[in-house]
Structures are given as C-alpha cells and as structure tokens.
Amino acid sequence: MSPSELFLLSPEISVALLGGVILLLDLAVKRKGYLAAAALVGLLVPAGFSVGLLIRVGSESTGQLTGVFDTLFIDRFAIYFKFLILAATALVIAASVDYRARLGRFQGEYYGLILFSASGMMLLAAGAELITLFVALELATLPLVALAAFLRDARSTESGLKFLVLSAVSSALLLYGMAFTFGVAGSTWLRDIGQVLSGASQETGAPFGSYALMLGIALMVAGFGFKIASVPFQMWVPDVYEGSPTPVTAYLSVASKAAGFAVLLRVFYVALGSADLRVEWGTLFAVLSVLSMSVGNLVAIAQSNIKRMLAYSTVAHAGYLLVGVAAVARAGPSDSLGPSGVLFYLATYTLTNLTAFFVIIAIVNKTGSEVIEDFAGMGRRAPWLALALAISMVSLIGVPPTGGFIGKVYIFSAAVRHDLAWLALAGVINSVVSVYYYMRVVRALYVLPSASQERVPSSLPLRWALGITAIGTVFLGLLPTHLLRFAQEAARILTS
Amino acid sequence: MLSAIVFLPLAGALLTAVFVRNPRLVRLTAAIFAVVTFGLSLVAFASYDLNKGGLQLEDIYANWIPVEGFPVRYHLGVDGLSLPLVLLTALLGLCSVFVSWGIQTRVKEHYVWLLVLQTAVTGVFTSLDLVMFFLFWEMELIPMYLLIAIWGGGRREYSAMKFLIFTITGSAFMLVGILVVFFSVGTFSLAELAGLKPGVEGLDSSQLLLSARFVFLLFFIAFAIKLPVWPVHTWLPDAHTDAPTAGSVMLAGVLIKMGGYGLIRISLGMFPQVARDLALFLAILAVINILYGALVTLRQTDLKRLIAYSSISHMGYVLLGVSSVGAAGGALSPLGVAGAATQMFTHGTITGLLFTMVGLVYDKTHTRHIPDLGGLASRVPFTASIFVIAGLAALGLPSLSGFVSEVMVFLGTFPVWGVITALGALGIVVTAGYILWMLLRVFFGPAQERFVHLEDASLVERVAPVLLLISIVAVGLYPRFLTDLFTSGAAGLLASRFGGSG
C-alpha cells in the first residue's frame, strides 16, 4: 500500500485517530468540556482531507479512484456521504454538551465511540468489496451498541441489549446473503459481481436468475433493512430510540440511516445493477417502501412519547427513501433522478431530524418528560426552541418552505418519472396521515396551555448546532440548488 | 411590483416577530404593512393595461432552482382573472387586521400568522410556476391551522385539525398531478401550461403519462376540497364556525377562492378537453352544492354556521359558471367563466363583511345563537344596517355586487345547461329565505331587556365594514371595472384553450 493510497483513506483514518486522541485526552484533562471542543476542532482535519479528495477526484476523468487493493471507491458519492456523516457527527457532539450531566465521568469514551462509529460509516459509503463493507458495517454498529447502553439505567441497558442482539442477527443475515452472492458470482468485488451477473443467463426461469442468487439478495435486503429501519425489520427501532441517550438516538436516526442507504445503493447499483435484476429488486423495494410508510405512520399516531413517535416516523421516512431506491431500479443507465433524490432527502432529513432531537434534548433536560403533551406552552417558555421544533415537524410532513418539502417533491418525482405513480400516490397519502401526529407536537407547543412559565435553558454549543440545523432546514427549502447539484453529480457515479 | 405585494406581508410578519413587542405597536405595524400592500395592489390594479390584456406585471427570476431535470423558476404575473383576486386578498388582509384589533391574547403571534397567511394566498394567485404555486398553496396551511386552533372558539382544535387534514389530502393528490404533468410535458411553467404564454397545448391523454382524466381528477380533488364541493365540504362549516373573526374572514373571503382560482386556471387552462367532457358532471355537482348548501343553511341556528353553509351554496355558483365551458364550439362565451370569477370576488367581500358583522354582534352580545338574539336594530343601528346591507347583497339584490356575478353566471350557463341552471336558480329563492329570516330574527322584533346597554361598533371596528361596503356598492353600481378584467381573462383562456373567439 503506497502513501498515496493512504491519502484515499485519510478521512477515515483521521476520524479514528481523533477518537483515540480524545480517549487519551480524557485521561489528562480535568475539565471534560474541553473534550467536545477538541473533537469539534479535530473534525476539521477529516473534513479537510475530504475536500482534498474531492479536488483530487474532480481531476479524474472517470470521477472515480479505486485504491487500497481495490477495496475502496473514492468518488463524489463516497465524499457526499463523508461530508454528511462528518456534519452529523459534529452537530451531535456539539449538542451532547447539554447531556453531559447524565454521561457522568465517561465523556471521553462517549465522544470516542461516536467518532469510531463515524469512521465506520464513512468507510461504508466508500466500500467496493463485500468483506470490506461487512467490516465497515461492524465498525459502525458496535460502538453504537455501546452508546445505546451508555446511561446504564434499565431502559438504556435494555435498549443496548436489544440493539446488540438484533444487530448481530442482521449482520449474520447479511453475511449469509453475501456468501450466497459470492457463490453465484465467484467474487467479492462489487464490480466483478456486476459483470458476472449481467453476463449470466436469465433463462433458468428462477427469480433473479437463480435461486441461490435470490436467496442471497433476499438475505442482503433483510440485513440492510435492519440498518435503514425498514419494515419488516423495524422492531428494534422504537425501544432502542426510546432508551438510548437522546444525542445517540439522533445520531442513530440520521448518520446510521444515511450510511445504510449509501451501502444499499452502492451494492445494489454496482453489483446487482444489470437491467433485468433491477426490475426484480426494484419491485421488492417498492413493496417494502409502501409497507414501511404505512406501518411507520399508522403506529406513530398512537405514540405519546416523542422519541418513540420519532422512531416510528423514521421508519416511515425509510419508506419514502425507498421510493427513491425503487425508482432507481427502473431508471435508465444515465438517469440519476432516483439516487440523487435519495441523497438529497438524506441531507434534508439529517438536518430536520437533528433539529427535532436537539430541541428534545434541551426541553427534556428542563422538564424531564418525553411525553408530547408535556411540551405544552413551549411556544411561550422557549420561543426559539419551539420554533425550531415546529420547523422540524413541518419539514418532516413535507410542507414548504422547508427542505423536507423539496426532498419529498424530488424523490416522488423520481417515482412518477419511472412509471411508479402509484408509489408516489402511496407516498403522498402517507404524508397526509403523518400530518396528524407531527401536528400534535406543534399543537402542544403553541396551542396547549402550559402549567409553568419557567424559561428553558440551553448551552451555547447546542444553540449553535440547533441554529445550523434549523436554518439549514429552511435554507434547503428555499435555495436547494447547490446541494441538489452535488447530489446529482454524486449519483451519476452510480449510474454511469 | 407583484413581488412586493406578495412578500410585503411576510416582511411585516418577520419584522413584527423579531423586533416588535408592545401589542399596540404590533397592531400598528401590521396595519401599516397591510395598508401599504393594499395601496400597491391598487396601483397594480390601475396599471394593468386592459387593451393589451394577457399576462402583465411579470416578475421572472429564471434561476431559482436551475437544476438539470428539475427546472423550477420564480415567476409571478397576473392576468385579468388573477389581478382582481390579488386586490381582494389585499383588501381582506387589511380588513382582517382591523377586525382583530380587539384581540387581547397573544396579539403578536396573531398578527404574524395573519400576515404570513396573506403572503401565501397572494402567492397562490400570482404564481406562474407549478412548484411555486404548490409552495404557496401549502404555506397557507400552518398559519390558518394556528389561527383556528389558538384564537378560535368552540371545538377549535378539532376544527383546525380537520381543516388541515382535508386540505393537505387535496394537495397531496395535486402534488402527484403536478409531477405527472411535469414529466409528461417537461415544464413546470404554469404560464405555458395554462395557455397564458404559447408553448404548450391543452393536455390530453396522448401527451400524458397517465390518462388525462385521472390527472385532471388529481387536481380537481384538491380544488374541490378547497372550494368546497359537496361531498368533501364538511371541513368548512367547522373551520368557519370555530375560527376567530379574522380567520373566518380570510378563510371565507380568500382561502376558498384558491379552489375556484385553481379550477379555472389549472383545471380549465391545462385540461380543456377533459373539462369540456366532464362539464355536465361539474354542472350537476354545482347544483347539488347550491341547493344542498342553501337547504342546510335554512336549518342553522348559529349565525356563523349559517353563513358558512351559505358559502357552500354560493361557491356552487362558481362551479356552475365553470361548467359553462361544456358548450358546443360556437355557443361558447366567456360570460360563464367570468361570472364564476366575479362571483368569487363578490362573495369574498360580501361574506367577509358578513363574518365581520357576526364577529361584532358576538363581541357585543356574547352569543351567536339566533333564537337568543332579537331586536338589535334599535340598539346597534350601525351594526344592524351594515349587516342588513350585507345580507341583501348576499341574496343578490340589484345595485349590490352579489347580483352582478349571479346574473353573469346564470346568463353564461343557461344556454349550455338550461334545466340545470334553472334548478340552480332556485337556490336564490332559498337564499332570500334564509337571509331575510335570519335578519328578521336577529335585528328586528321586540327589543330584549338584556341588550339595552349594548354599545355600537367603535371607530376601529367600523373601518373594515366601511371598506368592504364601499367595494360591494361600487361593484354593484359600476361592475365594469371588475367584470371587464375578468371577462378579458376568461376570454383569453377560452381563446387559447377552447377555440373560442374571445
């Protein structure tokens, strides 16, 4: 491995190293507040490396570099996710400052684990080979399991345990699926698999060309389904979301989901991207999409705990995102509308959901209750926090002028474009259903009277992070051009 | 100029939200912004060149979202159909600022949402890009929801949620419709799609990815819910009844006009052939609306609910006017469509006035229950006389504006759907019945003991009624300044889309 190949891995390496440095600093520093600051400053290094890679990739005619024994793709797609995950990591770290009282003396470990997980997720978006992907996935997931159990009270421990068991099961399914795929294609490199399968005869009459491949794909769908929280692999979501420390929940709901979609798009598009295969898994994802939206939205209505509600909402949003994936399947080779929709939606969803969770961190710190009705009167007690949460809810519904609106229009447009108008219809009907439970939060904030008039305090870093996410949500609703372009360029790599 | 009219209220809202604390200053700021916006729309109204016709006062910023495969433009503009509605919105926006002068709770928020609402509605009437149109269409939801849910009465939260869910269901279907149209034709430009600018022909199944009737229906559901058309009207009585006065004024005055406007601009402008094929269906729905609305109104004992149901009946005339496009080639005249548009304007001012007056009556007497009222005329002469005039306008008394639009609708539609129009005209009889009966029971008869100390409307409270009254009488006496515009807009639509001579 040459030093220039080390450069290709530099963002991941520097994030992981940063995690180690934070752990060591923890031993030396008395005031733990510095740890978050150090982590935030340190994250500028991988961000810098990512920019460097972006410039490097830009000078490449194919727009793609492969390296480290061909196990990595470095392209705009991977770099898009590097930025997305780095941003989410930085924001979550900043917002965790308000949570530190409950973290006790393990703050160094907390930040360290988040960073380790981030390095795994970044690697995941760049992986070009099944075993690398699997290792990256484990690297991303295992720290999250520890983080889920971080509070060590009953709920948090239960959440960690559930997460551990179900992650293990899903990893096993995924690995099994990869093994079958390897058996059929004779290679673990995504690109080689793609070539073998597109050349393979489809005349056997079996689904996906052969029963072994079908089994492989079905098992991989199940494995990824856990990561992106799609129905019917969503049952871990509510308990883990409710029990985990809120910043960890926020992180799970956005970064982990983004990484899951990144790897899903990469594997299915590059390795299983031949035209006739696409039609088959496209239909599969379309069905999963409708199921996710419907189950997520309907069950969310019945929730009274806001974190549980957002847990089911994230299942529903996995459904909306799968609309884009299903449309990918129908797209022609040069059409990037579906995948770019997924990429853009993930960015808006990240900002929107982080906004919601950050406000929840601040308010629950004060009131101690996660029940939606207990957010009553926050419109007066904490006007800015309430406004941010309201913006976030409105964006989750998909009402302008927010990023959620543009994201939804864009992703549904991919479905309509590819003759999946019925899927877009299912999507919009579902967003109508979602109005009810998202508006319940807005109603609590502004309509219900509050018992107390006390102000709600929040720390400076949290307010900054919240400002960025909330303003970003609105900004993407009004001027989405640049991000849309970046998403389109990133997605074009997949489809070319 | 149009951009200023659209975004001034929003600017006012932001300014108020961030800088203004004192309730009196809040009212003043809102009033200033509303007055300036109204002034600007008067200027726009006057500067429209009727001889030239067509699309004018355009504001284009082509590079709003210049992304490949998703070209959304910022494009505002008005023609004869939309300009009066812009004026109507500014007028009612101004009125609702004064109507809600007396609100004491959460004054600042109230005015902020009211101003945001005004921007949203004006945006709907002026947008010439489908995505922008949709953006403004949705933007109106949250402010209205909060206006009803916070400052409303009765079952306000229920009504607000019902309003929200009904409307958003419609817009969800519309969104799919917009996307289908976009991917079929390749443009979001409403100006081209609706025939205001050359470029796109009227859409039929051969150009669309899906059956044209299906796509028409996707849009129609949204507009029908908003208008509202029986049987998806049920949100309206609840929302109107439980909204605060200013909310009712805006809701009945302009929000439901968005449905009528969409019907004319999009359903007729984009799908002329389907609209023509389904015109009979629309006419039948219209008559059901008119008669059902009127008959249900007869049974109401709550003043606000009564006016709400009468709105359903009156919106039936809009639909009836629209259905006149079913005429065979030669018989096509812009009168029906222009009548429908005029009906929207006059109903906006009349119902706006009626709700204002009901609000006043309720503020003084603390009841809207008709049997509890009576003999108010001698106690509150100002309120009573304006209320009576508004009522007479609503039942279509000549020399007041309601008469003009109803006559236009009937004259335009009768040659096309004779029997149906005749049935619809029965609605007028019932209207006269419920309006006169209502006025009789509320204002006349023996004066009641407990109303002896009622005070008449204060100076601020008189602003909105007088403004609205002026517009009602003006349109009634000299309808041409309005109908010429609407007729030119309707003629333009028919000429470009229905092969009419114009």
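This note goes through the structure point by point.

1. Basis. This is a predicted model, in which local features need pLDDT of at least 70, side-chain atom pairs count only at pLDDT 80 or more, and totals for chains, interfaces and linings use all residues. Residues are numbered from 1 along each chain as its sequence is written, while chains are lettered from A and ligands numbered from 1 in the order in which they are written.

2. Make-up of chain B. Chain B has 20 helices and two strands. Helices (H or I, at least four residues) and strands (E, at least two) are DSSP runs, numbered from the N terminus. The radius of gyration of chain B is 21 Å, close to the 23 Å that the globule rule gives for 502 residues, so chain B is as compact as a globular protein of that length. That radius is taken over C-alpha atoms, and the rule is 2.2 Å times the number of residues to the power 0.38.

3. The C-alpha trace spans about 70 × 55 × 40 Å along its principal axes. Of the 502 residues of chain B, 63% count as buried. Buried means 20 or more other C-beta atoms within 10 Å of the residue's own; exposed means 12 or fewer, and partly exposed lies in between, with C-beta atoms placed from the backbone. Among contacts in chain B between residues at least 6 apart in sequence, 81% join residues at least 24 apart. A contact needs C-beta atoms, placed from the backbone, within 7 Å.

4. The strand pair of chain B. Strand β1 (residues 56–67) and β2(B) run antiparallel, joined by seven bridges. Two strands pair if DSSP finds at least two bridges between them. B:P66 stands opposite B:P71 in β2(B). The hairpin has two residues between the strands, and B:G69 takes a positive phi near 80° there. Seven of the nine residues of β2 (residues 70–78) are buried, so this strand is largely enclosed by the rest of the structure.

5. Where the chains meet. Chain A gives 29 residues to the contact and chain B gives 29 residues. On the chain A side, α19 (403–417), α20 (421–446) and α22 (481–495) each supply at least two residues. The largest share, twelve residues, comes from α20(A). By class, this side of chain A has 22 nonpolar, four polar and three charged residues. Ala, Val, Leu, Ile, Met, Phe, Trp, Tyr, Cys and Pro count as nonpolar, Asp, Glu, Lys and Arg as charged, and the others, Gly among them, as polar.

6. One residue of chain A. A:A275 sits in helix α14 (residues 275–301) of chain A. A:A275 counts as exposed because it has 12 C-beta neighbours inside 10 Å.

Methods:
Contact = placed C-beta atoms within 7 Å.
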